Amino acid sequence: MTLPSAPDPGPRPRRHPGPALPATALLLLPVLVAAAAVVVHRATGRFWGDLAAYRAGALAAAGGDGQLYDVAHRGTDGIALGFTYPPFAALLLQPLAYVDAAVGVGLWTLASVVALSAVVRVALRAAGAGPPVRPGAVLAGTVAALPMFPVAGHLQVGQVGLFLMLIVLLDLTSGPANRWRGLGVGIAAGIKLTPLIFVAYLLCTGRWRAAGVALAGFAATVGLGFAWRPSDSARFWGGGLLDTARVTGDPRTVLNQSLHGALARLGDVADVRAVWLPVAALTAVAGIVVAARCARAGDELRGVLACATTGVLVSPVSWHHHWVWCVPALVLLAARARPRADRAAALAGALLWTLCVASAAWTLVGLRGEDLHFRGWELLHSNTYVLAGLVALGVLARRPGGPRAGADPTGPASAAPRHDQPQERDGETVTRADAIEDPIR
């Protein structure tokens with residue numbers, strides 16, 4: 001007697017790796033990039049000049065007070081790089097004084113790529129891509145960002161900007177319930193002064209408490225610096241911070257992607273202060289107003305990006321790696337384009353990525369062998385970051401808010417909040433009418 005055979009279940013469905021494979025790749029990526037950095041550093045002895053200057057400053061500060069701003073690292077190109085940050089930054093950089101230079105390069109690069117992935121994750125969350133934010137999306141954003149010159153150049157010199165950007169993003173996109181909002185901005189400004197522009201952003205959006213927390217945090221970093229190295233602190237805050245000659249010898253260099261640098265290249269004259277000061281002041285006011293309008297329209301990420309763009313435009317010197325804010329901008333465009341098939345956002349994202357990959361610092365300088373005296377199309381290409389920043393502010397001025405990723409722009413999720421619905425600001429509940437009547441300060 002034979003038993004009836006079980007019916008054939010058919011072909012088994014394939015098992016998809018799910019989030020495990022992207023998550024594993026996301027963990028391995030920083031290790032691989034850091035290992036490659038160590039190999040290149042040991043083989044060539046080049047690059048990572050800014051990190052070497054950080055290490056020189058950390059070593060000088062570890063030896064005692066009064067030496068921090070007298071040391072400099074001279075690279076293989078003959079350029080001497082001194083320490084230009086507040087003493088508080090040298091305090092945080094003390095671990096670099098106790099490791100070998102190659103080990104420092106590896107650890108710094110590892111931490112930088114981790115910070116890059118964290119920036120992508122935070123930007124995806126702020127843009128509405130989730131929750132949860134998928135590891136595959138973070139991996140794709142990180143890999144896409146690596147060849148962009150603001151990121152690649154940042155890793156190449158060993159800069160601190162990715163860490164500062166992450167601190168600011170975590171702070172300002174954390175939601176209104178965070179009573180410590182502003183503290184990250186204050187700490188970041190204590191390391192490097194440029195994030196202070198976000199205090200103006202908080203003030204102009206009526207978040208007085210957050211602005212006060214930011215200033216208190218910044219003051220605490222200054223106080224710690226004075227307590228640790230009083231002579232160096234007195235030297236820096238007594239006027240050393242205004243010595244731009246220690247930052248660059250010629251503002252016309254293509255690596256200076258600020259309004260100051262653009263105007264200097266246009267006139268091919270190093271001293272353009274008479275023109276730059278009013279232009280920078282006007283841009284600063286307009287940019288902060290645009291950023292505040294974005295925040296009031298309910299799009300915090302757009303507001304933060306508008307403020308950051310304003311900061312790099314009006315700074316006297318904005319190196320290519322200061323434009324790492326292109327990473328969350330690209331994430332925002334991708335998040336807005338993908339679920340709604342927004343061709344304009346997709347085109348803008350592709351254009352931004354191409355501009356950052358085909359940077360003048362690679363193309364023009366590589367072809368000509370120098371970074372000064374441009375004409376014609378070279379002059380236009382040498383100012384692409386500045387032009388892109390101005391265009392971005394113009395677009396945000398016209399459209400300060402946007403629908404969340406995945407939301408139907410005509411549906412109830414994107415509708416304006418009712419006037420009788422409460423909103424939160426700095427941890428307090430306010431009415432919509434109060435928010436409208438409260439003017440931009």
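Me: A polar contact is a pair of N or O atoms within 3.5 Å. What lies within 3.1 Å of the backbone nitrogen of Ala344 at the start of H16?

Reply: This is a predicted model. In it, a side-chain oxygen of Asp342 reaches to within 3.1 Å of that nitrogen at the start of H16. The cut-off is 3.5 Å, so the pair is inside it.

Me: How do you know that the span of helix H16 agrees with its number of residues?

Reply: H16 covers residues 343–357, which is 15 residues. At 1.5 Å a residue these should span 21 Å, and the end C-alpha atoms are 21 Å apart, so the two values agree.

Me: Which residues of H16 are buried, and what puts them on the same side?

Reply: The buried residues are Ala345, Gly349, Leu352 and Cys356. They cover an arc of only 65° around the axis, which puts them on the same side of H16. An α-helix has 3.6 residues a turn, so residues three or four places apart point the same way. Arg343, Ala344, Leu347 and Leu351 are exposed on the other side of H16. The buried residues pack against H6, helix H15 (326–337) and helix H19 (384–398).

Me: Why is helix H2 called largely enclosed?

Reply: Ten of its 14 residues are buried, so H2 is largely enclosed by the rest of the structure. Among the buried ones are Leu51, Tyr54, Gly57 and Ala61. The buried residues of H2 have as packing partners strands E1 (72–74) and E2 (80–82), together with helices H3 (87–92), H4 (101–126), H6 (149–157) and H10 (208–228).

Me: What is the reach of H2 from its first C-alpha to its last, and which residue follows the helix?

Reply: H2 (residues 49–62) reaches 20 Å, close to the 20 Å expected for its 14 residues at 1.5 Å a residue. Gly64 follows H2 and has a positive phi, near 140°.

Me: Why is Cys294 called buried?

Reply: Buried means under 20% relative accessible area. Cys294 has 0%, so Cys294 is buried.

Me: How do you know that Cys307 is in no disulfide?

Reply: The nearest cysteine sulfur, that of Cys204, is 8.9 Å away. A search of the whole structure finds zero disulfides. Cys307 counts as buried at 0% relative accessibility.

Me: How many of the residues in the protein are buried, as a percentage?

Reply: Of the 441 residues, 48% are buried. The secondary structure comes to 20 helices and four strands.

Definitions and conventions: Residues numbered from 1 in each chain as written. Predicted model: local features only at pLDDT ≥ 70, side-chain atom pairs only at ≥ 80, totals over all residues. Heavy atoms only, no water. Helix = DSSP H or I, 4+ residues; strand = E, 2+ residues; numbered from the N terminus. Buried < 20%, exposed > 50% of the residue type's maximum accessible area, 1.4 Å probe, protein only. Expected span 1.5 Å × (residues − 1). Contact = heavy atoms within 4.5 Å. Arc of directions from axis to C-beta. Polar contact = N/O pair within 3.5 Å; in protein donor to acceptor, adjacent residues only side chain to side chain. Disulfide = S-S within 2.5 Å.
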